[in-house]
Amino acid sequence: MAPGGLNAALSLENPVFKAFITYAVIVIVKTMLMSIVTALNRFKNKAFANPEDARGMKDKEGGRLKPVTNLDVERVRRCHLNDLENVIPFVLIGLLYVATSPALSTALLHFRLFAGSRLFHSVAYLLPLPQPSRALGFFVGYLTTFSMAYSTAAAVGFAL
Ligand SMILES: N[C@@H](CCC(=O)N[C@@H](CS)C(=O)NCC(=O)O)C(=O)O
């Protein structure tokens, strides 16, 4: 723990905390944008989740649009869910990690690897790129968060 303890670690004077806030905001906003990408794909494919969402829109025969499952929309939804499965642990573990006052260079390496891997995961999922591209994006991010979790637990001496 740095001199000044938890207050100093979780202060805007701490460059590690400031870097964490920046990268956390990037991956959270990126996750939020998946809702917009989902909505755009719903309109593009006329694939709505609820009857009321398709109000005023007609099918090819001029009838009322019925809710349908669309492969493209489902792909975006899985990508969004995968972000949630990974970004939430990163943000929670990241806060604990910052509290242990890691070196700035080590912390930045973790934050950049995580953010870069999540952006790559989405590109690989949405284009899509051939596997194992997406799996690589997933595992780099997953292992990065795991490494932060291990460092955090080690910093407190695995105090069970
Ligand atoms: N919830 C995930 C757990 C495993 C995982 O995240 N795998 C990565 C690499 S293959 C992935 O992109 N899965 C696709 C997905 O979550 O839709 C799944 O069902 O696949």
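This is a predicted model: local features need pLDDT of at least 70, side-chain atom pairs count only at pLDDT 80 or more; totals for chains, interfaces and linings use all residues.
View 1. The peptide bond joining Q131 and P132 is cis, and its omega is about 10°. P128 also has its place in the loop between α4 and α5. The bond from L127 to P128 is a cis peptide bond, with omega near -10°.

**View 2. The packing of helices α4 and α5.** Helix α4 covers residues 104-126 and helix α5 covers residues 133-155. The axes of α4 and α5 are 8 Å apart, and the two helices pack at an angle of about 155°. Angles over 145 degrees count as roughly antiparallel, and α4 and α5 are therefore roughly antiparallel to each other. The crossing of α4 and α5 is left-handed.

**View 3. S101 in the loop between α3 and α4.** S101 is placed in the loop between α3 and α4. S101 is not a glycine, yet its phi is positive, at about 55°.

**View 4. The packing of helices α2 and α3.** Helix α2 (residues 15-45) packs with helix α3 (residues 71-99) at an angle of about 165°. The axes of α2 and α3 lie 10 Å apart. α2 and α3 are therefore roughly antiparallel to each other, and α2 passes α3 in a left-handed crossing. The contact of α2 with α3 has 17 nonpolar residues, seven polar ones and five charged ones.

**View 5. A nonpolar surface patch.** The patch has an area of about 820 Å².

Notes:
Residues are numbered from 1 along each chain as its sequence is written. Side-chain values use heavy atoms; hydrogens and water are left out. Axes are lines fitted to C-alpha atoms, for helices over the stretch in contact, and angles run from 0 to 180 degrees between N-to-C directions. Helices (H or I, at least four residues) and strands (E, at least two) are DSSP runs, numbered from the N terminus. Angles under 35 degrees count as roughly parallel, over 145 as roughly antiparallel, 65 to 115 as roughly perpendicular and the rest as oblique. A crossing is left-handed if the near helix is turned anticlockwise from the far one by less than a right angle, and right-handed if clockwise. Ala, Val, Leu, Ile, Met, Phe, Trp, Tyr, Cys and Pro count as nonpolar, Asp, Glu, Lys and Arg as charged, and the others, Gly among them, as polar. Patches are made of residues with over 30% relative accessible area and no salt bridge: like charges are joined within 9 Å, nonpolar side chains (Val, Leu, Ile, Met, Phe, Trp, Tyr) within 5 Å. Accessible areas come from the Shrake-Rupley method with a 1.4 Å probe; for residues, only the protein chains shown count as cover. A salt bridge is a side-chain nitrogen of Lys or Arg within 4 Å of a carboxyl oxygen of Asp or Glu.
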